[in-house]
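Please take a look at the model below.

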Amino acid sequence: MRFLPLDRPVPGTEPADAVVNLVFLANLAAQETTGDTASSTSVERVVHRLRGSAEYDTLAYALETDPDEDYAGYLLVSTPLLEDTHVAEAEVVLDAEYLPLPGEPLSPEARDVLGLLYAEAEAVAARLGRSVVQTWLLHPAEEVPGSGGWAELLRGRGYELGLTEIQGVVPVGVPAPAWEPPLRVDVVRDLAFPAPLIDGVLALYRQASVDVPTGGLDAGAVDWTRERLASAARRVADTNREMVSVVVSDAEGVVGISEITRFPGSEPGVAEQGITLVAGRARGRGLGLNLKREALRRAAAALPGVSRVYTSNAAGNPWMIEINRQLGWRVVSGGSGWQLRVRPLSP
C-alpha cells in the first residue's frame, strides 16, 4: 500500500488520467447520494484547485493498494494561506468498488480504505504544520446530517461534528421584486465593482466572514481589502468562472449583496449560490428575499442556459432556509462538517 502524489497540472496540457478519474468518482458518489447532478464538480475546477492560488494550496494523492488494480481512493488536502493557517481541509474519494449505495452500510473493505485515507490526511496536515483537520460528508436528503456509517467512522477517529447543512436547488424563474426608492440595484459581472460600491461591498464581505454560521468549525474573520478584491477578480478571470453580483444600495450606501457563479466544465444549466447578505442596519425589511429573487433573475439573463441554482445553508439558519423555501427550493442532500485536532510536526 502506498500513496502516490499527483503532479500539479501544467497549463496548456491535458489533465492527468488520475485527475479525470478522481472527478468521475467524486461525481458518481455525489449523484448516488443526491439523485441530482447539481452538486457535481468538473475536471477544470479540480485542475484549478491543484494549481493553487495566493489564498489556497491543494495537494492530491492516489491510494494504491495493488499495482495491478485501480486506485482504491483519492485524497485532496487543501490549506488556507491567509487566514485559518492552522487548518487543513481533507476530501476523500472512494473507488466505485468501495462506495456503498445510499442507505447501505460501509463494507469492511471500505472502512479499511477510508481509515487509510483519513490517516494519511492527518499525517499530511501534521507535516504541513497544521493542527486542525476539517472534512465534509454528503448525506442523502432523507438522512439526518451527521448520522450514518461514514459519520460513525469519523467519530471513531476522534472527529467532532461541527456544522450541519441543508442543500438544494432553486429555479431561476422567479417573480421580479419591487424596489422602492431610495433603493437602487447594481448588477456587476466577475467582481468588477464600480468605485462607488467597493467600500460598501468590502464591508459586507467582512461581515459575511463573521456572520455566516460555522458552528464548531474553526473559521476566522477574513480581512477583505481592495487588493484582495482585485486578486479575487483576477482569479475569477483566470479560472474562467462566470459570476453575477447583485448589489442593493440606499441613500446611505450599500445594504446588501447576493452572488451566483457558474464554474467552467460544470453542467451548463446549473450555477451555484455564493453569499447573500444584508447589512445589519437594513435587516427586517424583506431585502434578503428580494435580493435572491433579483440575483436569480439576473443570473438567468447573464448566464445563458442556467435554469437552477445550487445552494447550501447551515441547518441553524432558519432565516435563509425560509427564503429558499419561498423561492421553490428542492432539497437534494444534507452536509456535515467535521473537525479533528492533531499534533503538528515541528519544522
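The report starts with the whole chain and then turns to single residues.

## Overall fold

This is a predicted model. The chain's secondary structure consists of eight helices and 12 strands.

Along the principal axes, the C-alpha atoms fill a box of roughly 65 × 45 × 40 Å. Of the 347 residues, 49% count as buried.

The structure contains 22 salt bridges. One of them joins the side chains of Arg-2 and Glu-64, at 2.7 Å from N to O. Arg-2 sits in strand S1 (residues 2-5) and Glu-64 in strand S2 (residues 56-64), so this pair ties together parts that are 62 residues apart in sequence. The partners have their own levels of cover. Arg-2 is partly exposed, at 46% relative accessibility. Glu-64 is buried, with a relative accessible area of 12%.

Glu-272 and Arg-45 form another side-chain salt bridge, at 2.6 Å from N to O. This pair links distant parts of the chain, 227 residues apart. Glu-272 belongs to strand S10 (residues 270-278), and Arg-45 belongs to helix H2 (residues 43-51). Glu-272 counts as buried at 18% relative accessibility, because the cut-off for buried is under 20%. Arg-45, at 22%, is partly exposed.

## A salt-bridge network

Asp-36, Glu-267, Arg-308 and Arg-330 are linked in a network of salt bridges. Within it, the side chains of Arg-308 and Glu-267 meet at 3.6 Å, N to O. Arg-308 lies in strand S11 (residues 308-314), while Glu-267 lies in the loop between strand S9 (253-262) and S10. The pair therefore ties together parts that are 41 residues apart in sequence.

Glu-267 is partly exposed, at 32%.

## A negative surface patch

Which residues gather in the patch of negative charge on the surface? They are Asp-68, Glu-69, Asp-70, Glu-97, Glu-109 and Asp-112. Two of these residues are described here. Asp-112 is in helix H3 (residues 108-127). Asp-112 has a relative accessible area of 55%, so it is exposed, the cut-off being over 50%.

Glu-97 lies in the loop between strand S4 (87-94) and H3. Glu-97 is exposed as well, at 60% relative accessibility. Its C-alpha is 20 Å in space from that of Leu-154. In sequence, Glu-97 and Leu-154 are 57 residues apart.

## A buried valine

Val-332 is part of strand S12 (residues 330-341). At 4% relative accessibility, Val-332 counts as buried. Val-332 and Glu-142 are 190 residues apart in sequence. In space, their C-alpha atoms are 8.8 Å apart.

## Backbone exceptions

Most residues other than glycine have a negative phi, and most peptide bonds are trans. Some sites in this chain depart from that pattern. Which peptide bond is cis? The bond from Pro-181 to Pro-182 is, with omega near 15 degrees. Pro-182 is located in the loop between strand S6 (160-171) and strand S7 (184-189).

Asp-84 is not a glycine, yet it has a positive phi of about 50 degrees. Asp-84 lies in the loop between strand S3 (73-80) and S4. At 22% relative accessibility, Asp-84 counts as partly exposed.

Leu-191 also has a positive phi without being a glycine, at about 65 degrees. The place of Leu-191 is the loop between S7 and helix H5 (195-211). Leu-191 is buried, with a relative accessible area of 8%.

How values were computed: Residues numbered from 1 in each chain as written. Predicted model: local features only at pLDDT ≥ 70, side-chain atom pairs only at ≥ 80, totals over all residues. Heavy atoms only, no water. Patch = residues over 30% accessible without salt bridge, like charges linked within 9 Å, V, L, I, M, F, W, Y side chains within 5 Å. Areas by Shrake-Rupley, 256 points an atom, 1.4 Å probe, with all protein chains shown as cover. Salt bridge = Lys/Arg side-chain N within 4 Å of Asp/Glu carboxyl O. Lys, Arg positive; Asp, Glu negative; His and termini not counted. Charge placed at Lys NZ, Arg CZ, Asp CG, Glu CD. Helix = DSSP H or I, 4+ residues; strand = E, 2+ residues; numbered from the N terminus. Buried < 20%, exposed > 50% of the residue type's maximum accessible area, 1.4 Å probe, protein only.
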